[in-house]
Amino acid sequence: MLDLDAIRITLGTFTLRADTSLPTGGITALMGASGSGKSTILSAIAGFLTPAQGRIRIDEQDVTDLAPGARPLSVLFQDNNLFPHLSVAENVGLGLRPDLRLDATQRQARSDVLARVGLDGMDTRLPRDLSGGQQSRAALARALLRRRPWLLLDEPFSALGPALRRDMLTLLRDTARAEGLSVLMVTHDPDDAQAVADHTCVLADGVLADPVPTGPLFANPTPALRAYLG
């Protein structure tokens, strides 16, 4: 479980509260209006932002005071964070070693994950030589190579067209199942949540609601979700 225990985040006059648990395994979608604090919640879980109050526990480990790199998670952002001067293989290899001094076992693991996301044979290409979908696959490969149990996604596929986004969501769903990952995915698109999320939680009026199975939630929306959907 990912426990947000009486979390309070204060940014100027904005206050965000979360007191809930996110299930281990599968994909949980985090939805809310623009500016509601979805990315803020992710930043706190990842360690880029310190809550004013409360504790964060991942699989019963208190990570509230841990540095981002020490937490059992990886983060995938909207812009993918690929270095333009590094090849696909080098960008992905950063998931293991910042100095890229990979041993034979690590190089093989990198090759395996590139093949798994459909980038086999593209090791030497630069990001500028990739399509948007391929760039997203490279960023996902780097996150997977780290082999952390939790994967946080901050709308990483929102810039893609509908067909590419569906492909990436399918890849994410299948990979999460195969790897036994727990995924928290920020999205503004209800179609994305309904396509791949096992659970969905809604952020509204500064409060993060408990996660609810996605199908029943959309079949009978809560007032917060109904207001968001219009």
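## Basis of the values

Because the model is predicted, local features need pLDDT of at least 70 and side-chain atom pairs count only at pLDDT 80 or more, while totals for chains, interfaces and linings use all residues. Residues are numbered from 1 along each chain as its sequence is written, and side-chain values use heavy atoms, with hydrogens and water left out.

## Salt bridges

Side chains of opposite charge can pair when their charged atoms come close. A salt bridge here is a side-chain nitrogen of Lys or Arg within 4 Å of a carboxyl oxygen of Asp or Glu. The structure has nine of them. In one, R55 pairs with D62 at 3.1 Å, N to O. R55 is partly exposed at 31% relative accessibility, and D62 is partly exposed at 35%; the class lies between buried (under 20% relative accessible area) and exposed (over 50%), computed with a 1.4 Å probe on protein chains only. R55 and D62 also belong to a salt-bridge network that includes D65.

R165 and D192 form another salt bridge, at 3.3 Å, N to O. This pair links distant parts of the chain, 27 residues apart: R165 sits in helix α5 (residues 162–179) and D192 in helix α6 (residues 190–196). Helices (H or I, at least four residues) and strands (E, at least two) are DSSP runs numbered from the N terminus. R165 is buried at 16% relative accessibility, and D192 is buried at 9%. The side chains of R173 and D174 also meet in a salt bridge, at 3.3 Å, N to O. R173 is partly exposed, with 23% relative accessible area, and D174 is partly exposed at 37%.

## Largest cavity

A cavity is a set of points, on a 1 Å grid over the protein atoms alone, where a 1.4 Å probe fits but cannot get out; lining residues have an atom within 4 Å of a point. Grid points are joined across faces, edges and corners, and a volume is the space filled by probe spheres set on the points. Two cavities of 30 Å³ or more are counted.

The largest has a volume of about 70 Å³. Its lining consists of E155, P156, F157, S158, R165, L169, M185, V186, T187 and D192. Helix α5 and strand β8 (182–186) are the elements that give two or more residues to this lining. R165 and D192, the salt-bridge partners, are both among the lining residues. By class, the lining has five nonpolar, two polar and three charged residues. Ala, Val, Leu, Ile, Met, Phe, Trp, Tyr, Cys and Pro count as nonpolar, Asp, Glu, Lys and Arg as charged, and the others, Gly among them, as polar.

## Second cavity and helix α1

The second largest cavity has a volume of about 40 Å³. S39, L42, S43, A46, F48, V75, F77, L152 and D154 line it. The elements giving two or more residues to this lining are α1 (38–46) and β7 (150–154). Helix α1 supplies the largest share, four residues. The lining has six nonpolar, two polar and one charged residues.

Helix α1 is largely enclosed by the rest of the structure, because seven of its nine residues are buried. Those buried residues are K38, T40, I41, L42, A44, I45 and A46. After α1 comes G47, which has a positive phi near 100°.

Notes
On a 1 Å grid over the protein atoms alone, a cavity is a set of points where a 1.4 Å probe fits but cannot get out, and a pocket is an open set with protein on both sides within 12 Å along at least five of seven lines; lining residues have an atom within 4 Å of a point.
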